[in-house]
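Open the model in your viewer and keep the sequence panel beside it. The tour goes from one selection to the next.

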Amino acid sequence: MNPEVGGSVGIFDAGIGGLPLAAMLRRRAPQHRLVYLGDAARRPYGPRPGAEVARFLGQAEQFFVRAGCDAWVIACNTASVVAAEADVGAIPFVDMVSAVREAVRMAPVGPVGVLATAGTVASGALPRALPEREVFQVATEELLRLAEEGGGDDPVRLRRLARRAMEQITAAGCASAVLACTDFTCILDAMRAAEPGFALIDPVESAADLTLGLLQKPGSPRAGQEDLFCLTGPHPTDGVAFAWDAFGLTLPPVRTVTIDNDLIGVHHHE
């Protein structure tokens, strides 16, 4: 594909945590059509068994195939760690484990902390992906529930949970920490304020680099197709408003879709 012509890229997350990546792709390559799918009906993924999440990935890829995507991104770290077990690969894809590996290349020397869901931590996928580093992992489920809502409506609680997470990282002697869940991008200010000056690694930019690399390969021209913003169920945050307010990303009205059976498709607008 001529990268100037544009194609279609799918972005998959359990909720709206993939919106920062969608916004970055739009800024860096506005010629590409964006197809966003958030599995809000089955969120959060963190506590779910890996085999179940792997099954959801196969369903998501079929949705993107039917939507005409040339490539897709598993913008959910919990889902990324089970990608090898999933029935995917019909079209090229990027996962966040690969993005983390790329991002950590430029991290300060020393142990690396990982802030992630319980599922990501239990998988051991990130320590395996970073064999040259000592890795200290912290599961941050409660903090991430606030992050996926754009920080929630309790800033005191958000600051307390962010400080608790960062205290564990610094106490372990880590020189940097990977924000190994795309939802963290929504609360970057709170994470930075919890430990000023500490090296926080957000792998979203690396994920964008890898995705744009895939879209330089032959595919289908965008041909004026509209972006899609799809959720499988209700989400506590207005994704369209949040995308604009937080990232300056314009999205079309949300569509509710079904991906957990053979009748994958759009059911109605909300």
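Start by selecting Arg164, which is found in helix α8, residues 155-171. Bear in mind throughout that this is a predicted model. Is Arg164 buried, partly exposed or exposed? Its relative accessibility is 40%. Buried means under 20% and exposed means over 50%, with partly exposed in between, so Arg164 counts as partly exposed. Arg164 and Leu251 are 87 residues apart along the chain, and their C-alpha atoms are separated by 34 Å.

Ala243 and Gly15 are 228 residues apart along the chain, while their C-alpha atoms are separated by 13 Å.

Go to strand β2 and select Leu34, which has its place there. With a relative accessibility of 4%, Leu34 counts as buried. Display its surroundings: not counting residues up to four places away in sequence, Leu34 touches Val9, Ile11, Ala22, Leu25, Arg26, Asp227, Leu228 and Leu249. Then pick Cys69: Leu34 and Cys69 are 35 residues apart in sequence, and 8.7 Å apart in space from C-alpha to C-alpha.

Follow the chain to the loop between β2 and α2, where Pro44 is found. Zoom in on the bond that joins Arg43 and Pro44. This peptide bond is cis, with omega at about -5 degrees. For background, most peptide bonds are trans.

Now turn to the largest nonpolar core, which has 43 residues. Which of its members touch the most other members? Select Leu37, Leu57, Phe64 and Trp72 to see them. Next, colour the elements that each supply at least two residues of this core: β2 (33-38), α2 (50-66), β3 (71-74), α4 (96-104), β5 (112-116), α6 (125-129) and β9 (228-231). The largest share comes from α2, with seven residues.

Finally, zoom out and show the whole chain as a cartoon. There are 11 helices and 11 strands to find. Along its principal axes, the C-alpha trace spans about 50 × 40 × 35 Å. A compact globule of 270 residues would have a radius of gyration near 18 Å, and the chain agrees with this because its value is 18 Å.

Among the contacts with a separation of 6 or more, 72% are between residues 24 or more positions apart.

Then switch to a surface view. The chain exposes about 11200 Å², and carbon and sulfur atoms supply 52% of that area. Buried residues make up 57% of the 270 residues.

Conventions:
Residues are numbered from 1 along each chain as its sequence is written. This is a predicted model: local features need pLDDT of at least 70, side-chain atom pairs count only at pLDDT 80 or more; totals for chains, interfaces and linings use all residues. Side-chain values use heavy atoms; hydrogens and water are left out. Helices (H or I, at least four residues) and strands (E, at least two) are DSSP runs, numbered from the N terminus. The radius of gyration is taken over C-alpha atoms; the globule rule is 2.2 Å times the number of residues to the power 0.38. Buried means under 20% relative accessible area, exposed over 50%, partly exposed in between (1.4 Å probe, protein chains only). Contact means heavy atoms within 4.5 Å. Accessible areas come from the Shrake-Rupley method with a 1.4 Å probe; for residues, only the protein chains shown count as cover. A nonpolar core is a set of buried Ala, Val, Leu, Ile, Met, Phe, Trp, Tyr and Cys residues joined through side-chain atoms within 4.5 Å.
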